[in-house]
Structures are given as structure tokens and as C-alpha cells.
Amino acid sequence: MKFGILLLLVLALACALGSFIPQGHTLDWYLQNYTERQAALIYGLALDDVFHSVWFLVLAVILCCNLLLCNLLHLPGLLARWKQAGDPEKAPNAAACEAPNQAQPEQIFEKLHMPAPKRIEADGKTSLFSVKNRLGLWGAWVCHLGILLLVIGFTLGQTTTEEYTVYGVPGQTKPVGDTDYTLTIDDFGVEFSESGGVQQYTAQLTMRDTRTGEQQSDSAAVNAPGNLFGYRVYQNSTGTAAKLTVTMDGKLMQEEVVCVGDYTYVLQTPLMIYLDGYQEDYFEQRPGYAYSTYYMGQADQGGVQVDGDIALRYGSVEISFSEPQDYTLLQVKADHYAWLVLVGGVILLLGLFLAFYLPTRRVWAEQQSDGSWTVYGESRKGGALFAEQFREAAGLPDPRQTMSAPPEASGENNETESR
Amino acid sequence: MLQAENVLFTITILLYVAAMVFYFLFIAVKKESFAKIATLIQLVGLVLHTVALICRGIGAGRLPLTNQYEFATSFAWGLSLVSLIFLWRFKFPVLGAFAAPVIILIIGYAALQSREVRELMPSLRSSWLGIHVSTAIIAYGAFGVSFVLGFIFLMREKMQNSAFWDSHVPAREKLDVIGYRSVCLGLLFLSFTMITGAIWAEQAWGSYWSWDPKETWSLVTWLVYAIYLHMRLRRGWKGRAAAIFAVVGFICVIFTYIGVNTFLPGIHSYA
Ligand code: HEM
């Protein structure tokens, strides 16, 4: 456990470090923002990407081993304790509370909200026994199991998740990365609220398995990802696209939808065109398309084309943009272990609940030869609180009270005064 | 509705201040009746605070939990609620006296924030987000109470021979257990917050955990309180050490809540 605590501390420090040092920059960036030695240290220890570094992974693996070992080692003891807790035969614990000379022990059980006690006659002796919240014994164990599953699921997920981006406008079909699937954007719309803000982005999608021809359709909106062939499809962002038209001597050579940020080869020319941006009311209420061109890979020229005009001519080739429309950027992802993380999380919550809110308590009473009863109580978690409740239930005086401050008041619900 | 919220918010602050004054009078004059009045005022404050939040919710047409102002006022609400519950459950009004200044600090911080109602971006329209933030409020409230209890514990040590402290503040062992209880409540709800947050993030951002500074710091906070529990359990770190730990833990909470937004911006930058 000492090692476990140390591990938690190291993890906490690593996380803090990873949040203070900006992550994922280049070496140059660190050199500019830190001294040379600091930058070397950051890079050397992978502090530029703490959460994906090997040493962080090693910490996660050690944590898993530790939790697994801890749970395995504790299992026999826990089973024994579980049995013992329900066994009236087991002798009172030394730390238990004790109330001698009681006439009506049942009342104490009741006041402590214990289940009705079992009456046991053995060796000519009568005793009462009741146990509550035995399940609570499993709290820490269940909690650790939850964390274990969660960390395993998270770590496996990090290393095996498939993730692709697909973007396009309605009608387009795109490959999904290097998989055997294609994604068709059947429709894409932006809903606005009354005040003009964006309410929702929704894409209607069809995914097709090119090996079997099987198809599945679903919609993907913000906060409501689509589910297709085991992939989750997220509506990630949106932007403007426009139709690029290339003609030569008046004849249509090329027509395709390009998105802002796309580089496109212009057929029949050595040019590549880049759509920089789009403005709705650029000139006389006509939209404008900002573009730049690249000639043999070198930036060449740029400008803004007003809707209806020609962007540029290259010999007899005419290039223009028209029909602005929204494109959607989709994230297609398969995290095969996310379910494990969720299951682990739920188990963790259950464990915490068991550990904190179902504290195991045993109360038992033994009849003495003079007919009076001695009542015992034991709570694994209650500590001073349980001891106090027990005292109150049994009508015993507060030991501190009898020694020091004069009692101002007495009675069950007068803790404030009687403290 | 939003105007009503404004008025109620102001009255709430005044009531909390009044409650604090009566709590302090209770400690200064040592008269129980002041404590009763203070608790009553705090309760009325909490009710009006609740109505104010509801008004804002109706006025904005959504849960009032999405920007720094809304979260700060909800945080103060959570602390006020949890402290009243603990005060009632364990019957010691001194808790109220120490919680009141913290509540006022947080609601004062809220008062400094912009109260403008802005339209939500689509990713913030999610019922998981509602659950996420509501559980965070209870978690923060509970950690706030454990902080206050830790503080009271340390004061209790200094006030060994004060008759007032002896008669009005639980013994140290009991304070310690109450503090432990509030950490348990906080940790359970913090875990809930992180899990519901992850579910929401998966739907909204396509990734359930992205090591964004706010996420990372909630994990740090979670780890710190997990360490607290284990130190208590195995190393016998009860009493004073636990009280100090509760104070340090709450510093992490505050850093997660305010510090991260100020120093370490990320996708959580709206709240
Ligand atoms: C990763 C974060 C961890 C969390 C959130 C966690 C949570 C808990 C909780 C809630 C308890 C019960 C405490 C109580 O009831 O007061 C507990 C007990 C315990 N934990 Fe952990 N734990 C963690 C990691 C570990 C690790 C790494 C070890 C490694 C040795 C460990 C060993 C133990 C032991 C031995 C107990 C006592 C069990 C008992 O009383 O039956 N824990 N833990």
C-alpha cells in the first residue's frame, strides 16, 4: 500500500507537470520559450507529450499490476471477513463498543437502525445478533476493480483506436482512411435558432462496406454521433465549400466541389489552386472567394473572385468558383475499448458507494447470569460517530463529559449542547 | 426573469452576509439564539438563491450551469447546501460560521463575472452536461465543507481550553470523522462528475478524455483525495494531518475551478 500511495502521488505530479508544460510543441518552440537546458530536459524526458510518453504508459501498467495484486492478495482475507461478519459466533472485537447492564437490548438495535436481531441459544446462553451492510466490506475491492478495468480500457484504447477524418458536401462519397469503407454524405444542414445562432449541425450519412456492398445509414449531429459498422461518426466542424469549374476554350474540363483549405490540381495546367476563404457579402452583395495558386509547388498569385466572374485565366483555361455551400467535417472513430472504460467507471462508482455509504456494522448482545444484557457494537468505518450513536442508543454518558465540562443538557438530539 | 434573478441574487448575497454576521455574533457573544437566527437566515438565503438559479434557468431557457458566473453562483449554492446539510446532520452551527465567509467569497467572485446570457454553442446543449455540472457542484460543495472542517479542526486544537469550543464544537475525533465523511461525499461526486463529463465529451468532442487542463486537474484532485483516503486508512493519518490534507485538497479544487481557466486555457475555457 505504501508503494500504491507513492504511485498515486507520482501520477498526480506527472499530471500536474503535463498540464503546466504546454504539450505537443516542436523542439524549436521549447527552445524559444525555455532555456536551452530546460528545453533539452523537456524533450529528453518526453515532457512535451507526457500523456503519450512511454514512462507514463509504464506508470499506468504498474498501477494496473499493483491494483491487480492488491485485489488478489486481499481476496482471501476479505472472504474470511465477509464470513466472519455474518457469524454471531465470532468473539467481540477488542475495539467494539460495549454497554453492560441493559434491560431491553432490542431497543438499542432499533435505535441504531439495525435489522431485527437473530436470537441464538447456545450452551445455555442466550444472545442476540444483527449485522448490517455486509456488502460494504467489498467497497474498496470493487472500487479497485473498477479503476483497474478503467485504466486497462483507457490504455488499450489509446494504443488501438482507429481515427479518420472525412469531409465533404452532400452527394459526395469519400473513402474512410485506408479502411474498406466509404462514407456518403447524403445531406448536411445547419439549423439556426431564432436569434440567428447555430442550433445544430446534422449530417445524414451512409457507410458502405466495399467488400460486401452492405450499407448502413445514420445521422450525425453535435452531441449525437452516428453509429455505422462499429464506428462512431462525430459531426466535428463545418466550413464553406464551393464549386470549382475549369473550362478550356469554353469546354468544361473539370468540375468539383472544393472546401476552404483544400488544394486542388487544375487539369490542363501546372497549377494547383487553394481556396483560402469565402465571404458572403464581398462586393455589391455578391459573395467573394479568396484563392491562391501554386505553380510547380511555389506560391504564385492570389486574389478574390466575385461570384459570377472568372477567378483567373491560364492560356485558354478559365478557372472560377461558384455555388457556395456548407461542407461537413466528420470524425470517424472506433475505440474498441471505450465500453471497458465505461464499465470500469460504473464499477468504480459502485465501489465508492459501497465503501462510503454502506459501512458494515455488527451489534450483538449477550445475556448475563443475572438476566441483564451486555450489548456490543462494532462499525468498520463509523469511528467516533458510531461510538457516539452507540452511547446515545444505550443511554451511556459521554466519557469526556463526565470528566470535564458540566453537562448543560442531556438527551438524544442535543449533541450541540452536550459536546 | 433575468431581472428577477438579478434582484434575488443581490438579496441572496445580503442574506449570506447577514447570516455570517449573526454566526460571528454567536461566536463572540456565545449565545445560541444568534446561531439559530444565522442558520435560519442562511436557509432563507439558500431558498432565494435556488429561486434565483431557477429564474436564470427559465430566462436563459437552459440549465444555468454553463459559464463562469453561472458556475460560480452554483458553486456557492452547492457549498451553502452541503454546509447546511452537515450543520443539520451533525448539529453544530460553528460550521456555518466558518462556511459563510467561503460562500461569500465564491458568490462575490460570481458577482464579478459577466452575467450576460449568451446563446450556447451546440456542443453545450446536452443533458449529460447538465448532470456533469450538477454533480460537480455537489462535489465542490462537499470538498468546501471538508476544507472548512479541516480549518475548524486546526482551530479546535488551538482552542483546547475554551469552554465555548468544548461545548459547541464536536470533539476532535468526531470532527475528523465528519471531515472524512465530507471527503467521501466529494470523492463520490467528483468521480460521478468525471464519468458523466467523459460521456458528454465523447458525444460532443469525439473523445471521452483528451487531457485538457481542466480534465487533468480534476484527475489530480481526484488522486489527491484518493491519497488522503489511503493515508488515513493505512498510515493512520487522521486528525491534524488529515485536516491539513483537506485544506490542500481544496486548494486543488479551487485551482481546477479557477486557476485552470486563468492559467491553462483549453476546451473547457467557457466554464
Ligand atoms: C487509483 C486510485 C485509487 C482509488 C480511487 C482507491 C480507492 C480506495 C477506496 C475508496 C478505498 C476505501 C477507503 C475507505 O473506505 O476509506 C480504498 C482502500 C484501499 N486501497 Fe485503494 N484506491 C486506489 C488505488 C490503490 C492502490 C494503487 C493501492 C495499492 C496498493 C490501493 C490499496 C488499497 C488498500 C490496501 C485499501 C484498504 C482496503 C480495505 O480497507 O479493505 N489502492 N482504496
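**Reading the structure**

Tutor: Start with one contact: a polar atom of the side chain of A:R362 lies 3.2 Å from the backbone oxygen of A:A85. Keep in mind that this is a predicted model.

Student: In which element is A:R362 found?

Tutor: A:R362 belongs to strand β18 of chain A, residues 361-367.

Student: Does A:R362 count as buried or exposed?

Tutor: A residue counts as buried under 20% relative accessible area. A:R362 has a relative accessibility of 3%, so A:R362 counts as buried.

Student: How far apart are A:R362 and A:F188 in sequence and in space?

Tutor: The two separations are read in different units. In sequence, A:R362 and A:F188 are 174 residues apart; from C-alpha to C-alpha they are 63 Å apart in space.

Student: What is the radius of gyration of chain A, and what would a compact globule have?

Tutor: Chain A has 36 Å, whereas a compact globule of 419 residues would have a radius of gyration near 22 Å. The C-alpha trace of chain A spans about 120 × 55 × 50 Å along its principal axes. As for its make-up, chain A has 10 helices and 19 strands, and 42% of its 419 residues count as buried.

Student: Next, the ligand. Where does the ligand lie?

Tutor: The ligand is placed between chains A and B. Around the ligand there are 23 residues, of which A:N66, A:H144, A:K381, B:Y180 and B:H230 come nearest.

Student: Which residues coordinate the iron atom of the ligand?

Tutor: To read a metal site, look for the donor atoms and then for the angles between them. Here A:H144 and B:H230 each coordinate the iron atom through NE2, at 1.9 Å. This pair crosses between chains: A:H144 is in helix α6 of chain A, residues 139-160, and B:H230 is in helix α8 of chain B, residues 213-235. Both residues are buried.

Student: What lies 2.7 Å from an oxygen atom of the ligand?

Tutor: An N or O atom in the side chain of B:Y180 does. For nitrogen atoms of the ligand, an N or O atom at 2.7 Å is found in the side chain of A:H144 and also in that of B:H230.

Student: Which element gives the most to the shell around the ligand?

Tutor: Helix α8 of chain B does, with six residues. The elements that each supply at least two residues are α1, α4, α6 and α7 of chain A together with α8 of chain B. By residue type, the shell divides into 15 nonpolar, five polar and three charged.

Definitions and conventions
Residues are numbered from 1 along each chain as its sequence is written. Chains are lettered from A and ligands numbered from 1 in the order in which they are written. This is a predicted model: local features need pLDDT of at least 70, side-chain atom pairs count only at pLDDT 80 or more; totals for chains, interfaces and linings use all residues. Side-chain values use heavy atoms; hydrogens and water are left out. Donors are N, O and S atoms within 2.8 Å of the metal (3.2 Å for Na, K and Ca); water is not among the atoms, so sites may look incomplete. Helices (H or I, at least four residues) and strands (E, at least two) are DSSP runs, numbered from the N terminus. Buried means under 20% relative accessible area, exposed over 50%, partly exposed in between (1.4 Å probe, protein chains only). A residue is near a molecule or strand if one of its heavy atoms lies within 4 Å of it. A polar contact is a pair of N or O atoms within 3.5 Å; within protein, one must be able to donate a hydrogen and the other to accept it, and residues adjacent in sequence count only if both atoms are side-chain atoms. Ala, Val, Leu, Ile, Met, Phe, Trp, Tyr, Cys and Pro count as nonpolar, Asp, Glu, Lys and Arg as charged, and the others, Gly among them, as polar. The radius of gyration is taken over C-alpha atoms; the globule rule is 2.2 Å times the number of residues to the power 0.38.
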